[in-house]
Amino acid sequence: MTTDGGAKLRKAFEVAKEVTIGKMIVSISPSGPFLQRFASFVDLVIYDIYREATFHVPDDNTISGITIWYAPEMRAFIAGSNTYLESLDISQCSLDRLPQTLPLMTRLQRVSLTWCKLTVLRLDMLTDNQNLKILNLSYNQIELLIPVSRQSARMLSIENLFLAGNLLERLDMALFVAMPLLSELYITDNRIVTLDVSALIALPNLSDLYLGYNKIVSLDLRNLTLPKLETLSCGPNALTQMPILPRLMSKFNYLSLSANNLTKLDMTYFRPYPNLRRIYITSNQITTVRASSPVRLSLVHLVLKDNKISTFNITGWDMPNITMLNLDGNQLSVVPPVFDRYPKVNLIMDRNPLSCDALVPFKDRLKNEQLQKEQKYSYSTCTTTSSIQVDETKKVCCDK
């Protein structure tokens with residue numbers, strides 16, 4: 001800042017809770033001494049654009065939050081001893097590793113380095129950051145995760161870990177044993193082909209696991225103990241078989257296996273999970289749905305749209321809580337006999353080759369939209385060979 005810029009800025013800080021500077025010219029750097037000079041006036045600093053190669057946080061700086069949205073030239077982040085900084089967010093930078101001085105910022109609760117150039121994550125680097133709860137390293141170039149060394153007896157305090165959009169091809173879940181508080185893990189949009197668990201471990205607080213948008217061919221998690229897992233999302237991937245999961249997951253209530261390569265579905269698979277409420281297995285290659293042995297499920301939503309289902313046999317499996325069954329985009333020529341057993345269920349059967357004769361017995365269900373099948377206004381044109389008038393304003397398109 002030149003001439004009396006510093007005085008003007010101090011005065012602005014004294015009278016306003018938030019100060020926005022469109023453009024600032026400084027003689028040395030907009031970090032380092034500048035941060036120290038104004039630390040007594042501000043708690044949070046946000047840089048829309050930072051043009052320097054190095055960002056420096058001086059010793060004992062009292063600012064609690066630093067956010068940098070765009071710093072394409074930044075290759076180094078250097079901090080002195082610091083017990084005040086709680087959040088650090090940097091995006092679109094040239095950092096290729098975690099800052100070496102990260103352990104000096106002992107109060108950090110959140111670190112987000114996204115759209116930068118990190119290639120390796122060494123978990124040992126985080127053992128001194130015992131207040132760190134949220135770590136977001138999404139959309140970097142990370143190819144390797146290095147676990148905490150056996151010599152270190154310290155655990156990490158991370159609760160939310162985001163590694164989406166990196167370059168991981170292999171993942172051993174055993175390395176997360178050093179994160180006993182981990183509750184949410186996002187490893188979507190990588191290149192993972194192989195995901196395994198090399199040792200028997202427990203992740204006692206993991207509730208949400210997201211593995212979609214990878215290339216996983218098979219998934220075996222039976223070496224994990226996941227007593228609090230509620231959500232597992234594994235699509236899109238390349239699974240050809242149902243994943244092998246831990247059997248004791250009493251809180252498990254949501255499963256997505258959408259956009260994989262599954263060809264059949266045996267509902268008996270879900271027997272170990274008494275609280276599983278929502279299943280989404282869309283855009284696979286499933287042709288048959290059945291139960292190989294009697295099973296009672298707590299399902300509320302079962303979504304199987306965009307498969308190739310031609311056989312949907314509900315013999316032997318019971319789902320008394322079901323409210324929505326979505327079979328849109330399949331190859332069914334008859335309406336499954338679900339209404340007699342589950343009178344409150346909503347059945348979606350758009351884009352199935354159902355004849356008008358097959359639909360006539362369900363005219364009342366079509367009228368109240370409990371059964372959905374290509375409904376149109378009466379004046380609209382159907383692309384099918386015929387239609388059924390369900391009331392004075394609506395009709396259902398179907399073939400003769």
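A residue counts as buried under 20% relative accessible area, as exposed over 50%, and as partly exposed in between. The model described here is predicted.

**Salt bridges**

The structure holds 14 salt bridges. Side chains of opposite charge can pair when their charged atoms come close.

| Pair | N to O distance |
|---|---|
| R107 and E86 | 3.3 Å |
| D318 and R341 | 3.8 Å |
| E369 and K394 | 3.1 Å |

The salt bridge between R107 and E86 links distant parts of the chain, 21 residues apart: R107 is in the loop between β5 and β6, and E86 is in the loop between β4 and β5. R107 is partly exposed at 37% relative accessible area, and E86 is partly exposed at 27%.

D318 and R341 also meet through their side chains. D318 belongs to strand β26 and R341 to the loop between β27 and β28, so this pair ties together parts that are 23 residues apart in sequence. D318 is partly exposed, with 23% relative accessible area, and R341 is partly exposed at 39%.

In the pair of E369 and K394, E369 lies in the loop between α4 and β29 and K394 in strand β32, so parts 25 residues apart in sequence are tied together. E369 has a relative accessible area of 37% and is therefore partly exposed, whereas K394, at 16%, is buried.

**Strand β2**

Strand β2 covers residues 54-57; F55 and V57 are on its covered face, T54 and H56 on the uncovered one. In a regular strand the side chains alternate between the two faces of the sheet. β2 pairs with strand β4 (residues 76-79) in the parallel sense over four bridges, and V57 stands opposite A79 in β4.

Notes: Residues are numbered from 1 along each chain as its sequence is written. This is a predicted model: local features need pLDDT of at least 70, side-chain atom pairs count only at pLDDT 80 or more; totals for chains, interfaces and linings use all residues. Side-chain values use heavy atoms; hydrogens and water are left out. Buried means under 20% relative accessible area, exposed over 50%, partly exposed in between (1.4 Å probe, protein chains only). Helices (H or I, at least four residues) and strands (E, at least two) are DSSP runs, numbered from the N terminus. Two strands pair if DSSP finds at least two bridges between them. A salt bridge is a side-chain nitrogen of Lys or Arg within 4 Å of a carboxyl oxygen of Asp or Glu.
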